[in-house]
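Here is a short briefing for a first look at this structure. Keep the view open while reading the points below.

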Amino acid sequence: MFSTASAETSPFYDQQVIGDSPVLLFLITICSIFLASLVFVLIFLALFRRYIRKLYFKKLDGLRRQYRVLINRYLEENNPFNYAILQKPHYSMEWSAIEELLINKKRTFPDLTQQELYIISRKLGYTEFYLAQLKDGAGLKKAFAAEQLGRMGAVEAVPFLIKALYDKNLNVRIGACRALAHINNLDCTHALIEKLIQALDHSNDLSLRILIPAILRKGSAIEETLLTKFDHSSGAVRSIFTQLLVETAHPGLLSFFIKAALDSEPEVRAKAIRGLSKIHSDHSVSTIIGLISDPLWFVRLQAVKAIGELKHPRFYPIIWRGLTDFNWQVRTEAGKSLMKISVEALHLVSNSEMWPQDRFAKEQIFEELQRSGYIVSQIKFLESESQEEKKKALRFLEMAMDFGVISILIDSALHHPNFQVRLTLLKLLSKKNDPRVKEFLKKIVKHESVFEVYEEAKRLLKNRNRA
């Protein structure tokens with residue numbers, strides 16, 4: 001009725017037999033030995049490779065020292081170079097050692113001029129070698145050849161480097177750009193500026209982060225080309241040209257920046273202000289002042305910032321106009337500019353004729369002054385040895401209190417390290433009928449350690465309670 005499976009035919013029995021099979025155990029042992037051997041061989045190869053590289057670089061360092069001494073001897077004694085001794089097979093360790101010494105001439109041979117480097121590199125065959133790679137190579141190999149030719153100042157490579165600026169490979173274009181920046185040649189300058197114009201229209205081309213430093217490396221040599229091409233139809237091009245000329249700003253460019261300040265492109269006007277601020281003349285200042293009323297907020301922002309950096313008392317009435325600007329960033333910058341005000345100009349701040357008649361405008365001014373830290377700077381004047389300065393600061397702080405500046409005065413009256421300042425602020429705040437002042441007086445009475453301040457706070461609090 002029921003069939004009973006024998007032990008020999010049960011699945012459990014088969015697993016046990018297979019598990020105890022000597023063949024399987026043998027295979028597992030062989031695999032374990034193979035894996036352990038493989039790991040050992042890989043570790044050995046890694047250590048051996050490191051050892052070989054260590055020997056290679058040790059020998060390379062020795063060759064660098066040897067040829068550095070030899071080349072220095074030629075330079076110091078002004079003897080003609082024995083190029084036959086320095087000419088080595090391509091890719092050899094000697095070739096690499098000499099090349100590195102020449103490329104890093106600022107560190108190895110600081111007295112070696114760029115022209116001398118070029119002559120030596122050409123005589124030893126480096127420029128010819130890399131020029132061939134630039135013409136026939138591709139990818140990283142071609143990009144590296146371009147950069148090396150640039151460092152060597154290889155003038156004969158300029159036409160090929162200009163062509164490489166338009167290579168389909170991005171690395172090659174970057175290498176060519178950096179190379180042209182190193183070579184003192186007018187064609188290089190023209191090529192880089194033309195590439196800059198093209199890059200502004202093609203987002204997948206060379207980035208401005210690469211092109212702009214390369215062009216600026218040319219120094220004042222870029223001015224003539226930029227000025228000639230400034231009347232470009234593209235506002236973006238005129239803007240970037242202005243930015244480049246700001247970096248080399250000098251009095252000779254005053255007429256250009258005045259012209260740029262009247263440009264139809266707002267970014268050009270904003271950047272022109274930066275250039276004008278570097279040229280300290282009446283014409284530049286009057287042009288900047290005219291842009292305080294520009295319709296674009298970021299142009300007004302640059303104008304307020306530039307006027308503030310002049311740090312001259314006669315310009316602060318102009319900065320006050322920025323405190324009531326429609327744009328909060330312009331108002332904030334105006335407040336920061338007032339932070340730079342001199343003691344001699346403090347009377348301008350206290351001059352009631354400068355203040356707008358509108359109460360909201362006044363409150364807005366004090367809000368910006370408080371945010372910029374100007375109120376705190378006036379509290380510091382209360383420690384001045386000059387009674388005149390203290391009076392002006394106190395008059396200004398009283399005006400600030402009338403237009404809502406309370407919290408910062410209370411905080412200073414509670415925590416200022418100078419008890420004379422605390423006492424002065426205490427008397428000032430007592431003039432204000434505000435619930436916060438009463439709470440402040442209670443804190444003074446409870447915590448003040450200086451008897452004179454404590455007594456004054458106690459008297460003022462008593463008078464308030466009576467009222």
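**Helix 14 and its surroundings**

The buried residues of helix 14 pack against helix 11 (186–201), helix 12 (208–216), helix 13 (223–228), helix 15 (254–260) and helix 16 (266–277). This is a predicted model. The chain holds 28 helices and zero strands. Of its 467 residues, 44% are buried.

**More on helix 14**

- Helix 14 covers residues 235–247, which is 13 residues.
- From first C-alpha to last, helix 14 reaches 19 Å, close to the 18 Å expected at 1.5 Å a residue.
- Because 10 of the 13 residues are buried, helix 14 is largely enclosed by the rest of the structure.
- The buried residues of helix 14 are Gly235, Val237, Arg238, Ser239, Ile240, Phe241, Thr242, Leu244, Leu245 and Val246.

**Contacts along the chain**

- Take the contacts between residues at least 6 apart in sequence: 63% of them join residues at least 24 apart.

**Helix 2**

- Helix 2 runs over residues 22–77 and has 56 residues.
- Helix 2 reaches 82 Å from its first C-alpha to its last, close to the 82 Å expected at 1.5 Å a residue.
- Buried residues in helix 2 are Leu60, Leu63, Tyr67, Leu70, Ile71 and Tyr74.
- These buried residues pack against helix 3 (83–86) and helix 4 (93–103).

**The loop between helix 3 and helix 4**

- Tyr91 is found in the loop between helix 3 and helix 4.
- Phi of Tyr91 is near 70°, a positive value in a residue other than glycine.
- Most residues other than glycine have a negative phi.
- Tyr91 has 61% relative accessibility, so Tyr91 counts as exposed.

- Helix 6 spans residues 114–123, and its buried residues are Leu117, Tyr118, Ile120 and Ser121.
- The partners of those buried residues are helix 3, helix 4, helix 5 (105–108), helix 7 (126–136) and helix 8 (139–152).

**Helix 10 against helix 12**

- The axes of helix 10 (residues 170–182) and helix 12 come within 8 Å and cross at roughly 15°.
- That angle makes helix 10 roughly parallel to helix 12.
- The crossing of helix 10 and helix 12 is left-handed.
- Helix 10 makes the contact with Ile174, Cys177 and Ala181, and helix 12 with Ile210, Leu211 and Ala214.
- By class, this contact of helix 10 with helix 12 has six nonpolar, no polar and no charged residues.

**Helix 27 against helix 28**

- Helix 27 (residues 435–447) and helix 28 (residues 451–466) have axes that come within 9 Å and cross at roughly 140°.
- That angle makes helix 27 oblique to helix 28.
- The crossing of helix 27 and helix 28 is left-handed.
- From helix 27, the contact is made by Val437, Lys438, Leu441, Lys442, Ile444 and Val445.
- From helix 28, the contact is made by Val453, Tyr454, Ala457, Lys458, Leu460, Leu461, Arg464 and Asn465.
- By class, the contact of helix 27 with helix 28 has nine nonpolar, one polar and four charged residues.

Terms used
Residues are numbered from 1 along each chain as its sequence is written. This is a predicted model: local features need pLDDT of at least 70, side-chain atom pairs count only at pLDDT 80 or more; totals for chains, interfaces and linings use all residues. Side-chain values use heavy atoms; hydrogens and water are left out. Axes are lines fitted to C-alpha atoms, for helices over the stretch in contact, and angles run from 0 to 180 degrees between N-to-C directions. Helices (H or I, at least four residues) and strands (E, at least two) are DSSP runs, numbered from the N terminus. Angles under 35 degrees count as roughly parallel, over 145 as roughly antiparallel, 65 to 115 as roughly perpendicular and the rest as oblique. A crossing is left-handed if the near helix is turned anticlockwise from the far one by less than a right angle, and right-handed if clockwise. Contact means heavy atoms within 4.5 Å. Ala, Val, Leu, Ile, Met, Phe, Trp, Tyr, Cys and Pro count as nonpolar, Asp, Glu, Lys and Arg as charged, and the others, Gly among them, as polar. The expected span of a helix is 1.5 Å times one less than its number of residues. Buried means under 20% relative accessible area, exposed over 50%, partly exposed in between (1.4 Å probe, protein chains only).
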